[in-house]
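Subject: A structure for you to explore

Hi,

Here is the structure I promised to send you.

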Amino acid sequence: MTLTRSMARLTAGLAGAALLTASLSAQARELSVSTVLSDAFPWGQAAEKWAELVEERSDGELTLRVYPNSQLVSGDQTREFSAMRSGLIDAAVGSTINWSPQVPELNLFSLPFFIPDEAAVDAVTGGEAGELVFEAIESRGVIPLAWGENGFRQVSNSRGPISQPDDLDGLKIRVVGSPLFQDTFSALGADPTQMSWTDAQPALTTGAVDGQENPLSVFDVARIDQVGQEHLTLWNYMNDPLIFAVNQQVWQTLSEEHQTLLRETAVEAGEWEIAMTREEEGERLAAIKERGVTVTELSDEQYQAFVDATQSVYEKWAPRIGEEVVDAAQAAIDAR
């Protein structure tokens, strides 16, 4: 009888432990996070930092699994926002450029020669314009949490230095899948060629395209100078902020505690990545020059020539973005 009772207690104990384990397992939650670039780049590092902070502070109840290189959208980065909105992706650290086809307000940051420096970026993202952009994202089924930074985009090519609009005449420049980019480079006399980043490097290697535009971090880490890009122009023609975001339905299933955790860690990861990206900019430029790349920096007069050459693009796109958003951004830039 004693043995039977002992066995019964043991069985009950094991069952209780199993139920506890199942309960803890049920509480644990893993969210998928999409990024376009791996952790070899600051962009990917931002997502990994977010995941690291969440793991540290959630006691295993919430984890983020990062899928780099646009894995979750078969390499098509312009599908990322739609995939997140539909629930195929739980969360993302994404580019304003890649999400702009679905959120027109995000084209604000791609207006050519509109945001001139880092102080202007911070004034826009941290002010009314940034709030309006976040509202536009949320109205489309995605919860934006924080800003990151891919940086100012510079132009490179294999033909020669670019210091005035005429230097772009006839050059085939790889651009992302955004009509605004097509219009900008067409206005400058170039031949914009849309393709994914996966296809861009082989095209540069074979000479199918003459040039590309990307932040210095991408140029440096991807060693774009090794695919014939011997000429680089620093023209800060547009900035590419990153946005940490979560699918709205996923967000609503999270506890208030986990929502707060995701938002706070996203903000912290974003601030960390922005500071890192900016601190490394000088070192990256020096490394690029050491590898023999010819770097052209524009004078104020040369910069203004590009502004003037793309004025028609600004006039076409400002109404599409929304005058309220553009005006708020302009006011923030002027007051910085």
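Below is what was found in it, going from the whole chain down to single residues.

Before the details, please keep in mind that this is a predicted model, in which local features need pLDDT of at least 70, side-chain atom pairs count only at pLDDT 80 or more, and totals for chains, interfaces and linings use all residues. Residues are numbered from 1 along each chain as its sequence is written, and side-chain values use heavy atoms, with hydrogens and water left out.

**The whole chain**

The protein chain has 14 helices and ten strands; helices (H or I, at least four residues) and strands (E, at least two) are DSSP runs, numbered from the N terminus. Along the principal axes, the C-alpha atoms fill a box of roughly 95 × 45 × 30 Å. Of the 336 residues, 53% count as buried. Buried means under 20% relative accessible area, exposed over 50%, and partly exposed in between, with a 1.4 Å probe and protein chains only. A contact means heavy atoms within 4.5 Å. Among contacts with a separation of 6 or more, 75% come from residues 24 or more positions apart.

**The nonpolar cores**

In soluble globular proteins, nonpolar side chains tend to be buried together. A nonpolar core here is a set of buried Ala, Val, Leu, Ile, Met, Phe, Trp, Tyr and Cys residues joined through side-chain atoms within 4.5 Å. The largest one has 48 residues, and Trp50, Val93, Leu145, Phe244 and Leu262 have the most contacts inside it. Which helix gives the most to this core? That is helix H2 (residues 42-57), with seven residues. Another core lies apart from it and has 38 residues, including Ile115, Ala129, Ala329 and Ile333.

Two packed helices are described by the angle between their axes and the distance between the axes. Axes are lines fitted to C-alpha atoms, for helices over the stretch in contact, and angles run from 0 to 180 degrees between N-to-C directions.

Start with H2 and helix H11 (residues 256-290), which pack at an angle of about 145 degrees with their axes 9 Å apart. H2 passes H11 in a right-handed crossing. A crossing is left-handed if the near helix is turned anticlockwise from the far one by less than a right angle, and right-handed if clockwise. Residues of H2 in this contact include Trp43, Ala46, Trp50 and Leu53, and those of H11 include Leu262, Ala266, Ala269 and Trp272. By class, the contact has twelve nonpolar, three polar and six charged residues. For these classes, Ala, Val, Leu, Ile, Met, Phe, Trp, Tyr, Cys and Pro count as nonpolar, Asp, Glu, Lys and Arg as charged, and the others, Gly among them, as polar.

Next come helix H7 (residues 179-187) and helix H13 (residues 311-321), whose axes come within 9 Å and cross at roughly 160 degrees. H7 and H13 are therefore roughly antiparallel to each other. Angles under 35 degrees count as roughly parallel, over 145 as roughly antiparallel, 65 to 115 as roughly perpendicular and the rest as oblique. The crossing of H7 and H13 is right-handed. Pro179, Leu180, Asp183, Thr184 and Ala187 of H7 make the contact with Val313, Lys316 and Trp317 of H13. This contact has five nonpolar, one polar and two charged residues.

**A few single residues**

Val175, in strand E5 (residues 172-175), counts as buried at 0% relative accessibility. Among the residues that Val175 touches, not counting those up to four places away in sequence, are Phe181, Phe185, Pro192 and Met195.

Finally, look at two backbone angles. Ser70 is not a glycine, yet has a positive phi of about 55 degrees. Ser70 is found in the loop between strand E2 (62-67) and helix H3 (80-86), and is buried, with a relative accessible area of 3%. Arg223, also not a glycine, has a positive phi of about 50 degrees. Arg223 is in the loop between helix H9 (216-221) and strand E8 (231-234) and counts as partly exposed at 31% relative accessibility.

Enjoy exploring, and write back with any questions!
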